[in-house]
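Let's take a friendly walk through this structure together. Have your viewer ready, and follow along one region at a time.

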Amino acid sequence: MRIVSGMRPTGKLHLGHYFGVIENWKKLQEDHETFFFVADWHALTTAYKNTKDLQKNIRELMIDWLALGLDPEKSVLFIQSKVKEHAELHLLFSMITPKSWLEWNPTYKDMKYNLLKLQDIALQFRGGLRDAVKEFMGLIPYKIEDFEKFEERLLDDLAETFISALFEGEIEPQLLKNLNVSKRDFYETDTYGFLGYPVLQAADILIYKGEGVPVGEDQLPHIELTREIARRFNYLYGDTFPEPEAILTETPKVPGTDGRKMSKSYNNAIFFADTEEEVQKKVMKMFTDPQKLRKNDPGRPDICPVFMYHKLFTKDSDLIEQIDRDCRAGKLGCVECKRIMLQGLEEFLAPIRERRQTVERDIDKLIQIFEEGSQKAREKAKATMEEVRTAMNLK
Ligand code: SF4
């Protein structure tokens, strides 16, 4: 199977990236033809205003990928913007993609509202209107085929109108002030590129005739859109593209050091570029069961982030069971428990850190690997574009 996937360059990778994505990619590269790209154009869909760190972030990602075990002998590793054919296919796909497919894409709305911290307000507004919308629907003098779907559409449209009116100052200006988001933020997020990024994603996958795309559940609507675009193209111009399958994988959850989702923006991440001392400091400050204040207080390992790390990094399963028992019985203190966990974590991180340093010492080689990967990708992309242009009578 040919697998295609990409990652936005947003800085150094952390444990969450490894267990959420890279570990799976490493498995896939063993048995499949794999194309993995640094999605630098995608990074611009939401962070176009500040590109100062873009090259640095791309470099960090390249270093991390190699240090974590993505292998240029097994995978085509490349940079999206080095293969301009992605942009051409994106343009052609944008001609055949109905705007409504993008506007109704749930990920687009979620991302937009999340970025602007509008999720709660939109949900509240929808919730408050549900009964009124139901009543209104009872008055419509036409037969409605799919009652539920239509109700959701109405609620979505009303919420969208409400949010726009809010930003236009037509509704209670204080509400907008409380949100601490400006009208400018709203319109600057609402770009053509942001709306159309699933079309670029479809181009990224289909240009290599990707058959499988490893994704998380939240990305499923995008893969569905890629399949719809492929179907539409094939219907209009003849069979050209496969309909790629989503490859859903269970990934272990790695909480951040404060127990929330691991994220750079929460300042709770353990990075592969961290030194041993930095990791040690982060671990010793990690959140634990808040009810266990002293060693002999009984603890609850099932809600403790340190214990979740034990499950990932402490190799001896008897020791994990012992920790579980001793924590519950108030026989183990959190400081000691963290020290034990740190050993396993360091055993995992130390060789990666070392490989990172090796890769960093020879940046020319790193650049060459990605140049060669981009060249291989370009050859495949060029061949697909020849077919596409012929199919569309563009040559
Ligand atoms: S002893 Fe370990 S598992 Fe128990 S609460 Fe403390 S850190 Fe968590």
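This is a predicted model: local features need pLDDT of at least 70, side-chain atom pairs count only at pLDDT 80 or more; totals for chains, interfaces and linings use all residues.

Residues are numbered from 1 along each chain as its sequence is written, and side-chain values use heavy atoms, with hydrogens and water left out.

Start with the whole chain. Its C-alpha atoms fill a box of roughly 70 × 55 × 40 Å along the principal axes. The chain has 18 helices and five strands; these are DSSP runs numbered from the N terminus, with helices being H or I of at least four residues and strands E of at least two. Of the 395 residues, 46% are buried, where buried means under 20% relative accessible area, exposed over 50%, and partly exposed in between (1.4 Å probe, protein chains only).

Next, look inside. A nonpolar core here is a set of buried Ala, Val, Leu, Ile, Met, Phe, Trp, Tyr and Cys residues joined through side-chain atoms within 4.5 Å. The largest one has 50 residues, and those with the most contacts inside it are Leu15, Ile22, Trp65, Tyr309, Leu345 and Phe370. Helix 3 (residues 54-68) gives this core its largest share, nine residues.

Now turn to the ligand. Which residues are around the ligand? They are Thr288, Asp289, Lys292, Cys304, Val306, Phe307, Cys327, Leu332, Cys334 and Cys337, each with a heavy atom within 4 Å of it. Helix 15 (305-313) and helix 17 (334-361) are the elements that give two or more residues to this shell. By type, the shell divides into seven nonpolar, one polar and two charged residues; Ala, Val, Leu, Ile, Met, Phe, Trp, Tyr, Cys and Pro count as nonpolar, Asp, Glu, Lys and Arg as charged, and the others, Gly among them, as polar.

Finally, visit the asparagines. Asn267, in the loop between strand 5 (245-248) and helix 14 (276-284), is exposed at 72%, and its phi is positive, near 60°, in a residue other than glycine. Asn393 follows helix 18 (363-391) and counts as exposed at 67% relative accessibility. Although not a glycine, Asn393 has a positive phi of about 60°. Asn105 and Asn393 are 288 residues apart in sequence and 30 Å apart in space, C-alpha to C-alpha.
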